[in-house]
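Welcome! Please take a moment to look over the sequence and the structure shown here before reading on.

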Amino acid sequence: MAATFTPARLRRVVFWALLFAFVAWDLQRSPAIDRWREPPLIAAGSGQVSAGGHCSMAK
Amino acid sequence: MKRLPLAALMAAFFVFLFWFVAVRQAALLLVGIGMGAALAGMRFGFTTGWRQLVEARDPRGAIGQLLLLGAAATLCMPLLAGFPELQAALGPPSVSLLLGAFVFGLTMQIADGCGSGTLYKAGLGVPLNMGILPLFALGSFAGSAHLQHWLALGQVEPVGLVGHWGAGPALAVTWALLLATGVTVRLFAGWQRDWLDRRWVQGALALAVLAALNLVIAGQPWGVVYGFGLWGAKLAQAVGAFDPATNPFWSQPGNTQRLAQTLLLDVTSITNIGILCGALWVAAGQAPDNSKPLTGRQWAVGLVAGFVMGYSARLAFGCNVGAMLSGISTGSLHGWIWLPMAFAGTLVGLRVRRRFGF
């Protein structure tokens with residue numbers, strides 16, 4: 001039996017479609033990813049200080 | 001969608017990240033999915049826990065959150081002391097923090113979700129939270145773009161307990177403060193009330209382990225708001241409304257780099273997407289949300305609250321996750337300032353929430 005397409009389901013589909021489109025748009029406009037400069041899989045013990053963004057940062 | 005095809009789609013995204021982006025980012029996606037599943041599966045809502053404490057004198061959610069803070073601190077503080085690569089969530093004690101935390105605590109009750117709550121409820125398909133998410137992102141961006149003006153009101157350097165005292169004393173002080181907070185909660189709720197609930201305890205332990213994993217893999221504590229602000233900044237830059245080169249926050253080298261590269265390389269963005277995915281997976285196994293539809297007025301108030309919540313989260317150097325959980329569990333003084341200020345804001349927010357009939 002075909003699933004009914006309720007307003008709630010429509011809202012969810014639109015939400016995920018917009019999120020997917022945003023990520024795809026961002027990926028398309030960004031420079032190619034350099035896999036040779038990949039961050040370490042595990043930061044702890046890697047010797048490389050984390051350089052990621054965090055909400056506690058003042059700058 | 002059923003859980004099996006959903007799991008297949010998530011596995012495909014994992015493989016994509018693993019192969020084309022970075023193995024670390026693929027691992028962080030899994031951590032984020034776990035966080036989303038734990039938050040949504042256990043209904044571990046920071047906002048709800050505080051509301052239940054104030055309105056029903058039910059301490060189980062608040063005690064569950066204190067347990068989360070204690071367990072995460074027990075895992076994270078020794079890691080920070082043992083691995084110099086790892087960073088604590090150090091925000092500066094400031095006027096900005098005081099105001100931001102108060103307003104955040106107020107608006108999160110109206111929006112019915114903090115940073116992580118908005119994410120997991122959006123993933124579950126709750127209409128208001130799905131609507132709030134993009135406004136939260138724009139608010140986070142606006143807050144970060146104005147941050148220098150708020151910091152000019154007064155600030156001191158961030159204080160990290162682990163760096164000052166070492167892991168042992170920092171953990172002892174943190175546990176003592178959490179214990180004192182727990183006793184206060186019990187005194188307020190009354191000693192006869194049930195104070196432990198399996199759902200909250202399981203959620204707390206799962207989230208503490210995942211927060212520690214986030215720290216070990218990413219090198220920084222779990223955060224939510226930075227990723228949202230980055231998304232908002234990308235959109236504002238794309239439509240020509242914002243020049244990062246002229247902004248003190250976004251012209252910092254690290255922020256400029258993250259703005260230029262794909263968000264799939266950003267730590268916080270990938271765990272945010274993971275949380276959405278984890279909550280969606282939980283929602284796939286549940287009955288649809290049948291809560292009463294909101295009125296137009298409630299929608300308007302909720303959406304405005306979502307924008308202000310995003311703005312204030314940047315002023316407060318994090319939400320319940322970035323400032324409270326990550327701040328306290330990694331020994332940042334700003335987390336201990338954030339908590340009472342946000343709770344004071346919640347007391348006002350609950351009145352506003354009732355005023356608009358939420």
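## The nonpolar core

Keep in mind that this is a predicted model. Its largest nonpolar core has 133 residues. The residues with the most contacts inside this core are B:Ala72, B:Leu207, B:Ala211, B:Ala279 and B:Trp338.

Let us pick out B:Leu207. Setting aside neighbours within four places in sequence, B:Leu207 is in contact with B:Met35, B:Ala38, B:Phe44 and B:Leu68.

In chain B, helix H4 (residues 60-82) packs with helix H16 (residues 320-329) at an angle of about 45°, and their axes are 7 Å apart. H4(B) and H16(B) are therefore oblique to each other.

On the H4(B) side, the contact is made by B:Leu68, B:Leu69, B:Ala72, B:Ala73 and B:Cys76, while H16(B) brings B:Leu325, B:Ile328 and B:Ser329. By class, the residues of this contact are seven nonpolar, one polar and no charged.

## Helix H11 of chain B

Helix H11 of chain B covers residues 198-218, which makes 21 residues. From first C-alpha to last, H11(B) reaches 30 Å, close to the 30 Å expected at 1.5 Å a residue. After H11(B) comes B:Gly219, with a positive phi near 85°.

## Where the chains meet

How many residues of chain B are in contact with chain A? There are 59 of them, in contact with 31 residues of chain A. The side of chain B that touches chain A is made up of 35 nonpolar, 17 polar and seven charged residues.

How values were computed:
Residues are numbered from 1 along each chain as its sequence is written. Chains are lettered from A and ligands numbered from 1 in the order in which they are written. This is a predicted model: local features need pLDDT of at least 70, side-chain atom pairs count only at pLDDT 80 or more; totals for chains, interfaces and linings use all residues. A nonpolar core is a set of buried Ala, Val, Leu, Ile, Met, Phe, Trp, Tyr and Cys residues joined through C-beta atoms within 7 Å. A residue is buried if 20 or more other C-beta atoms lie within 10 Å of its own, exposed if 12 or fewer, and partly exposed in between; C-beta atoms are placed from the backbone. Two residues are in contact if their C-beta atoms, placed from the backbone, lie within 7 Å. Ala, Val, Leu, Ile, Met, Phe, Trp, Tyr, Cys and Pro count as nonpolar, Asp, Glu, Lys and Arg as charged, and the others, Gly among them, as polar. Axes are lines fitted to C-alpha atoms, for helices over the stretch in contact, and angles run from 0 to 180 degrees between N-to-C directions. Helices (H or I, at least four residues) and strands (E, at least two) are DSSP runs, numbered from the N terminus. Angles under 35 degrees count as roughly parallel, over 145 as roughly antiparallel, 65 to 115 as roughly perpendicular and the rest as oblique. The expected span of a helix is 1.5 Å times one less than its number of residues.
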